[in-house]
Amino acid sequence: MQHLCKPWEHRLSRRAWLGGMSAAGAVAASGLPFEVAIGDELAKQKKQVLFVWIDGGMSQYESWDPKPNSQFGGPFRPIQTSVPGIQVCELMPRSAKIMQHLCVVRGMCTQDNSHSAGVPRIQRGDPKNRGVTYPFFGSSVAKLIGNQGTGLPAYVSVKPGSSGFIYQDAGFLGPQFGAVAFGDGKPPENMARPESVSEADEELRQSLRVKADERYRLRRRPGSAEANGYVFESARELMRQQSLFDLSKVDPRDRERYGDHEFGRHMLLARRMLESGITFVKVTSYGWDTHGDNFNGHASLMPRYDQAFASIVEDLQERGMLDNVLVITMSEFGRTPRINGHVGRDHFPEAWSLAMSGRGVKRGLTVGKTNAKGTAVEGEAYDIGHMFHTWFAALGIDTGKTQFDNHGQPLPIAHEDMHAVKEVLA
Amino acid sequence: MTPELKAKFTPKAAKKPLDLSQQVVSACFSPTGVFLLAGSMEGQVGRWSLVPDKPEPELAEKPPLTGLTAWVSACVCLPDGKLAVAADSFGNLACWSYCDDATEPVWKIENAHDGWIRVVLVSPDGQKIATCGRDGRIVFWSADGKKQSEIKIGGDLSEMRFAPDGKSLFVGSLAGKLSQWELAGATKLRDFDASPLLKPDRLQDVGGIRAMAVSPDGALLLVGGTQPVNGGNVQGKPTVLAFDVATAELKKKTELGAVGDVYVTDFAWHPDGCWLVTTSGNPGQGRFLCWRMEDEQPLSETKLSNCHAVRQHPSGKWFALLTTNANSNGNGKVVDKNGEYRGNSSPLVVMTFPVA
């Protein structure tokens, strides 16, 4: 299991773990396929998040906030969406058709225009500096909501590149709330039980491991052994559900709808993970830092993004999951109005957009706006702290009453000088 | 390459570039050389006339031609010396009488294409206007704006040139597809392998055909672009592929810069026997090259901030280079001394070769 994480890095209440497993076991005993059963019986109470991270900075002009016929508007046309009066860029025709499910925030104004600082700053909610490292939103949700009895990791990340355990996301919460990353949408290596080991032998091995854990627990601080066990049990549950990763078993029409490309495959896998009950699924797309050739770049990038994003929102709606799954799609900032000599747009945190759907969110509207040229927010501007309040509220977590406990130090879960955006909340 | 030849093709810049008020994406001279038209990112066709009897080319601004929207991505003057046709990125095509004071178009076709029209050409006999763009179609029009025919090719058609005899044309796409089409039967004559100019990188198809030229004798097809290293902030070496038209064989691949120099953006044939080439890369990186295929090194190289196109004056005595101002990039909100958000501009650099 070392490829996932170091056992001593993990802590989890065995009681919570056993509670979770018993719920999962009850579902299994019902004779229904696990995914379907979760979907039918438990999903209504579930709180889940799909977090679509567009790394590098999607241009708001070429997506959610077109400014046609203006100095910085760029070459693309706006198109009408399914909601009268709301237009998006022509590069996202599929998303335009599902605007009745979406809430677009066009009034984002954040503080950091660099990737290296901006990415973690945004994903940690940019709280006041108290000398501690705050958790990413996914880790916060993993801590505050947990795995909801699935036995699966609460926070997973589907991304291009390498697999592993991204403990850094968890900040002061501790590594157990980090992300289990499925690089290139593949399960961790050596996850399958070797054919040479029978199921019975595997059970024997596990019972021996449990006994060893028990002895280990007696000689360690409280929590260490539970964390150790959590790793093994999450891994075992993943072993049981390896079919999740096998997209060849998915309806070919779904594969076509999501797109035969990296992002499409990853979003389809994300849907299956949400169906399996995982609390927080993050999907990352790289390659959006279009300082050069921004327009041809977005002409290539956006249709693939649009295809997969619209497909998963449609599917969540069709499956009745959109009332449970909070969907967020965003970057670390937008892109500059001015068009540089490399026909690119640079980083622009001053006025940009993100989009949401699903649990707790009003649908079919835009919130906030930019001026005619897109160079500044008009009216109230929203920082990422506002969004963290909004997202927690959408998930039923009261940011006024809920705090993190950092070894006895109470810490707010979102920037205390900011608030939820009421216009967004259902 | 002799010192004399190098000296002949070492250009000299006029004292001051003409700073066009809007960022420009296309330009053309009138056949008489009296007018310069330039299509902007703000839906205008800027118009200038040459001030007579000046020691260096000097341009006087005239009222811009209106009627298009978004980016005026292509413009061309017809050989009659009176009409010009331009197209925008919203798919509209318009024609003006540019010599008089009128600013409204003589005719306009809305949605001539479904979206971005990237190229407008006039056939060598002056009888046809050809347009192509993101909708994958080549459409032929008469000078009075009547659609004559079309060829459906597919893909995002980024460059196109007529063969000198006007019987066929070459078309290239952002996906790196390159082919020659016979016009009478609308049939494909041959494909060319321009794959070095394309890299599928994650979700992005990077590169493609960005510049095109046919040698005066029709024997060689040159396409320019980059050999992409990555998408996003596109990087790559500016590269020219030279094909034998008759066989589609790649005769030569030439790299004309380093990775940060990125794209070959334009070609023009100088009648004294060399190619004028522009490159544009990372903000501030751009060059104007005088280059012959047979040489390892360009005859001359002039650094210019983001050089997007070269247009030769019909007199053959000078040429204009479309560039972007220096310091055009930067993260965050960049404001001028009045606190206004600052855009960029397109200095038009006028150059001459030494008189023999």
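User: Is T284(A) buried or exposed in this predicted model?
Analyst: T284(A) lies in strand β8 of chain A, residues 280–285, where helices (H or I, at least four residues) and strands (E, at least two) are DSSP runs numbered from the N terminus. Buried means under 20% relative accessible area, exposed over 50% and partly exposed in between, with a 1.4 Å probe and protein chains only. Because its relative accessibility is 4%, T284(A) counts as buried.

User: Which residues is T284(A) in contact with, leaving aside its neighbours within four places in sequence?
Analyst: This is a predicted model, in which local features need pLDDT of at least 70, side-chain atom pairs count only at pLDDT 80 or more, and totals for chains, interfaces and linings use all residues. Side-chain values use heavy atoms, with hydrogens and water left out. Contact means heavy atoms within 4.5 Å. On that basis the partners of T284(A) are W53(A), D55(A), V158(A), K159(A) and P160(A).

User: How many of the residues of helix α11 of chain A are buried?
Analyst: Helix α11 of chain A spans residues 384–394 and is mostly covered. Among its buried residues are H386(A), F388(A) and W391(A). These buried residues of α11(A) pack against elements of chain A including β1 (48–54) and α4 (115–123). The count is 10 of 11.

User: Which residue in β16(B) does F162(B) stand opposite?
Analyst: β15(B) and β16(B), residues 168–173, pair in the antiparallel sense over 5 bridges; two strands pair if DSSP finds at least two bridges between them. In β16(B), the residue opposite F162(B) is L169(B).

Key. Residues are numbered from 1 along each chain as its sequence is written. Chains are lettered from A and ligands numbered from 1 in the order in which they are written.
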